[in-house]
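Here is a short report on one protein chain. Look at the structure first, then read on.

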Amino acid sequence: MQTYFNIRYEFDTEAVHAAIARRLPEPGADYIAVADGVILDFANRNPAYLDVINSGMFAICDSSYVPLYIRLLYGERVSQYCGSQIFRDVVSARRYRMMFLGAHQAVLDSLRENITPWNPDVAGMSFVELPFCGIDGFDYPAIAAMVERERPDIIWVSLGAPKQEYFMHRLRPYLSHGVMIAVGAVFNFFSGLGEKRAPDWMVRAHLEFVYHIMQSPGKQLRRCGSIIASLPPVLLAEYRSKNNRK
């Protein structure tokens, strides 16, 4: 686990899964953030949100650019581990009982149908639509009671950033077991409804943002503009931090 750009990342996929396995037998619940460029941008402009990101187990890197920045600044090679990949890996492993929270019921129903071939056990798991409200509008004790009745090991949360990270942070004190993982649009990707994942060649070429701009120009252009504006000071701060470490 290493801290870059003020976020505690775990880049090693085997270490991610080992950490989940170690955490589950321990008392209480915890969470993992899946940090893409939007989260990196917002966390470095919002100290309270940065604290939420770093108050969980760690973040995994869902940005193809962060590894490039790290290689440029430190000469170190690290890899992206995106939300769609950890979702597929964990679901397909058939190792854990899971619960799926968020999104519209139509998306959840289609998601269940599409991922059951990966793991037939999914057919008997709960896919729960959460109310459409602000972060203060959720009834956390009631949601926790519903989760506790099933006692899942992995709780997938799909509310979009930054809401889903705040949600996990606020729900955690009410849970006695489980690891929550926030996966953003992944439910949509694998449901076959709504937003889709960029083709692999675009991901490898660091052009996934172009694909998303084509799908949702207004929303994605605003996000890209914010990221571009915040990036130079973030990189400069990391460069200075690197020199101070020496």
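Buried means under 20% relative accessible area, exposed means over 50%, and partly exposed lies in between (1.4 Å probe, protein chains only). This is a predicted model, where local features need pLDDT of at least 70, side-chain atom pairs count only at pLDDT 80 or more, and totals for chains, interfaces and linings use all residues. Residues are numbered from 1 along each chain as its sequence is written, and side-chain values use heavy atoms, with hydrogens and water left out.

Start with Tyr-96. Its relative accessibility is 12%, so Tyr-96 counts as buried. Tyr-96 sits in the loop between α5 (83–93) and β5 (98–102). Helices (H or I, at least four residues) and strands (E, at least two) are DSSP runs, numbered from the N terminus. What does Tyr-96 touch, not counting residues up to four places away in sequence? The list is His-17, Ile-20, Ala-21, Leu-24, Val-90, Met-125, Asp-153 and Ile-154. Contact here means heavy atoms within 4.5 Å. Tyr-96 and Asp-121 are 25 residues apart in sequence, and their C-alpha atoms are 9.5 Å apart in space.

Asn-119 belongs to the loop between α6 (105–115) and β6 (126–128). Asn-119 is buried because its relative accessibility is 0%. Setting aside neighbours within four places in sequence, Asn-119 is in contact with Val-91, Arg-94 and Met-98.

Ser-126 is found in strand β6. With a relative accessible area of 16%, Ser-126 is buried too. Beyond its neighbours within four places in sequence, Ser-126 is in contact with Met-98, Met-99, Phe-100 and Glu-150. The side chains of Ser-126 and Glu-150 also make a polar contact (2.4 Å). A polar contact is a pair of N or O atoms within 3.5 Å; within protein, one must be able to donate a hydrogen and the other to accept it, and residues adjacent in sequence count only if both atoms are side-chain atoms.

**Salt bridges**

How many salt bridges does a search of the whole structure find? The search finds seven. A salt bridge is a side-chain nitrogen of Lys or Arg within 4 Å of a carboxyl oxygen of Asp or Glu. Three of them are in the table.

| Asp-30 | Arg-172 | 3.0 Å |

Asp-30 is buried at 12%.

Glu-150 is in helix α7 (residues 140–150) and Arg-97 is in the loop between α5 and β5, 53 residues apart. Glu-150 is partly exposed at 27%, and Arg-97 is partly exposed at 34%.

Asp-136 is in the loop between β6 and α7 and Arg-170 is in helix α8, so the pair joins parts that are 34 residues apart in sequence. Asp-136 is exposed at 63%. Arg-170 is partly exposed at 34%. Salt bridges that share partners also join Arg-23, Glu-26, Asp-30 and Arg-172 into one network.

**Cysteines**

A disulfide is a covalent bond between the sulfur atoms of two cysteines. The rule used here asks for a pair of cysteine sulfur atoms within 2.5 Å. By this rule the count is zero. Why is Cys-61 too far from Cys-82 for a bond? Its sulfur is 9.7 Å from that of Cys-82, the closest cysteine sulfur. Cys-61 is buried at 1% relative accessibility, and Cys-82 is buried at 10%.
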